[in-house]
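Reader: Hey, could you walk me through this one? I'm new to reading structures.

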Amino acid sequence: MSLRIFSLSILLSLAAVATAQTYQRLGACPTFGCVFPPDQTDFLAGQFFDIRLEVHAPVNGSEANGGVPDTSFKFTIEKDGKSQNAATYLGVSEPLLERWNFTWYEDLFARDAKTPSLVNVAAKAYRKVALYKAGQYTATLTYNNGSKTTASWLVRDLATERKTKNIILFIGDGMTTNMITAARLIAHKSVNGRYQSKMQMDQFPVLGHQMTHSLDSFITDSANSATALYTGHKSTVNALGVYADSSKSPFDDPKVETIAEMFQRLTGGGVGIVSTAFIADATPAALTAHTRDRGRYGEVVDSFLNGITNYTWTNWTGPDVLFGGGAEQFIPGKTSFQGRDYYAAFAAKGYNVVQNNTALQATSNSAKTLGIFSVSNMAKWLDRNVYTKNLVGNKDAPDGKNGSATDQPGLKEMTLKAIDILEARSSKKGWFLMSEAASIDKQMHTLDYDRALGELLELDDTVKASMARLSTLGKLKETLVIVTADHGHGFDVMGSVDTKYLEAQDTDREKRDAIGIYRESGLSQYTNPNSEPGPNSTSSSNNNGSTGITFTNGTYFPSNWDPRYTLFSALGADPDRRENYQVHKAGPRKPASNSTPSDYVVDYRDAVTGFVVNGTLPISESQGVHSLTDVPVFAQGPCQELFGGVYNNIDIFFGMANCLGLARKKK
């Protein structure tokens, strides 16, 4: 290749790095040669993964190089100074050559002008391979007469002995330190600046912080953040258990084995998946699904039951426990995968199927159990426990008969039952349980801060109750308990609001004077008695007459969700909305509505006594968005010391895998 052509290739590659921000030709591939897993990837010894190679040839746009991809590219793996053909090193056949094309926009101007760039691709995929020897590897793709893409891979040197029998991974979706601080403020009594009680999370012996950024963007979503937590590999927004490639199919992207798949394959232990979201949502889905499109809900449900069937992959026999919402993916019809009845499909494979809390508590602990308790996401703690009329008339019953799902369990009830089932079925081999408080995130998105904090307090209540159950079972000392989040929101509390004064004012600017900052923020009014039941009440929530705080099993909740003085709280990025800083008693909030398909404005029905606050997001966004913030990690039990300090989200996976002894140094 001539010096001029070589120089042009380098310049084009540099230009791609400089301009690919809003849009990228392909994440983690700034040159014309793509290797997945990409540079700076860590592996667990013996963890299955796929390798995808792509050579790009842009037809038009600023990167155009003739549009003919090199089909004779070579791929080698070097270890300990010895380089070999990859197929030879991995002990597999040389994969077949694949060809396709795709289009992308180079920037917002190209999008507005509707001038996409076309890219032709030559590709190969190595399926279900593993690296067993710890240390550094160099993977090199050679293409276009000597151009090279080099990926530095590290197989971590982790011990193979097992240090914990069980793991519970609690995920407060979207939960940040600021939210925990706000939840503590509204639910725990303070005297002269000193709290009289602590949240359960506050009492964990180890606190760390994890960085949440993605493979190719610094803001993440729940799909690729869960992928990082479960696989030790960063990926692209919307991707579940894969690196996103440029192929036509969302199901042939290079996969990475998850902690649930490895644990079941290597130990035969039990696996539980619990969420208050619809169960095909990103956080539960990422334990078994492998697709770059998190929205393929039907296929996600099928993966829970059957594993991955389109390619040779880990033999997955289904979780022991699967609890959540999302009945629309199980009822046979247009919203289920291929119209199948997944209630019947799970039952045919030996699962007990339950659809309400009464049935959940009554079902046997000895059988695998599917519990689907509502259409879509499950009801929020605030509606199940305070504003219970909101449960009626929703047509969300999980049997598909348009009734109301009024007998839903909470996160605590589902998690405790999951522990009982896992312990009954897998006491000797141990178990792994993921329990997600999904609607911390979902209610933060809709700026419904009261419901979000209620969900967070329910998570804390669940953690406390779970640890008590483990103690009763004699399993607490052999169970690693982790409480963390997948990402954050830009939420904080800046003061208080006199809602009575706000409502008495006539103009938006006058209403803003109701906000109290610094000294005028005062003290929390959520822990004062209002019209709640007294200490002798038969209510399911007890009321401590001396403190005025309601609680369940020792974990506190506000006694008054509608005080005169509320929290002045907000996200850092919002749509247009109206704020009166009062609890939404009629049900979950909808702050903005669309006047046209892509133009969201203040919803005229929301917070009608408040004042308008202009949004900062694109007008096509109806909700708040995720933020960059690091999120907390609380740990207690075997290996707890691995989770202190500041580290990357992938290190959660490696810490859990290390504690379970999942590394394998030979086939």
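This is a predicted model: local features need pLDDT of at least 70, side-chain atom pairs count only at pLDDT 80 or more; totals for chains, interfaces and linings use all residues.

Reader: OK, and where is Gln24 found?

Author: Gln24 is in the loop between α1 (3-19) and β1 (33-36).

Reader: What else is Gln24 in contact with, leaving aside neighbours within four places in sequence?

Author: Leaving those aside, Gln24 is in contact with Trp104 as well as Asp216.

Reader: Why does Gln24 count as partly exposed?

Author: Because its relative accessibility is 30%, and partly exposed runs between under 20% for buried and over 50% for exposed.

Reader: Switching topic: how many cavities of 30 Å³ or more are there?

Author: The structure has 2 of them.

Reader: Which residues lie nearest the centre of the largest cavity?

Author: Those are Tyr449, Asp450, Leu567, Ser569 and Tyr581, out of 19 lining residues. The elements giving two or more residues to that lining are α14 (449-473), β26 (565-570) and β27 (577-579).

Reader: And how does the lining split by class?

Author: The lining of the largest cavity has 9 nonpolar, 5 polar and 5 charged residues.

Reader: Last one: what does Ser376 touch, not counting residues up to four places away in sequence?

Author: Ser376 touches Phe278, Gly325, Gly326, Ala327 and Glu328. Ser376 sits in the loop between β17 (369-372) and α11 (381-385), and it is partly exposed, with a relative accessible area of 31%.

Note on methods: Residues are numbered from 1 along each chain as its sequence is written. Side-chain values use heavy atoms; hydrogens and water are left out. On a 1 Å grid over the protein atoms alone, a cavity is a set of points where a 1.4 Å probe fits but cannot get out, and a pocket is an open set with protein on both sides within 12 Å along at least five of seven lines; lining residues have an atom within 4 Å of a point. Grid points are joined across faces, edges and corners, and a volume is the space filled by probe spheres set on the points. Helices (H or I, at least four residues) and strands (E, at least two) are DSSP runs, numbered from the N terminus. Ala, Val, Leu, Ile, Met, Phe, Trp, Tyr, Cys and Pro count as nonpolar, Asp, Glu, Lys and Arg as charged, and the others, Gly among them, as polar. Buried means under 20% relative accessible area, exposed over 50%, partly exposed in between (1.4 Å probe, protein chains only). Contact means heavy atoms within 4.5 Å.
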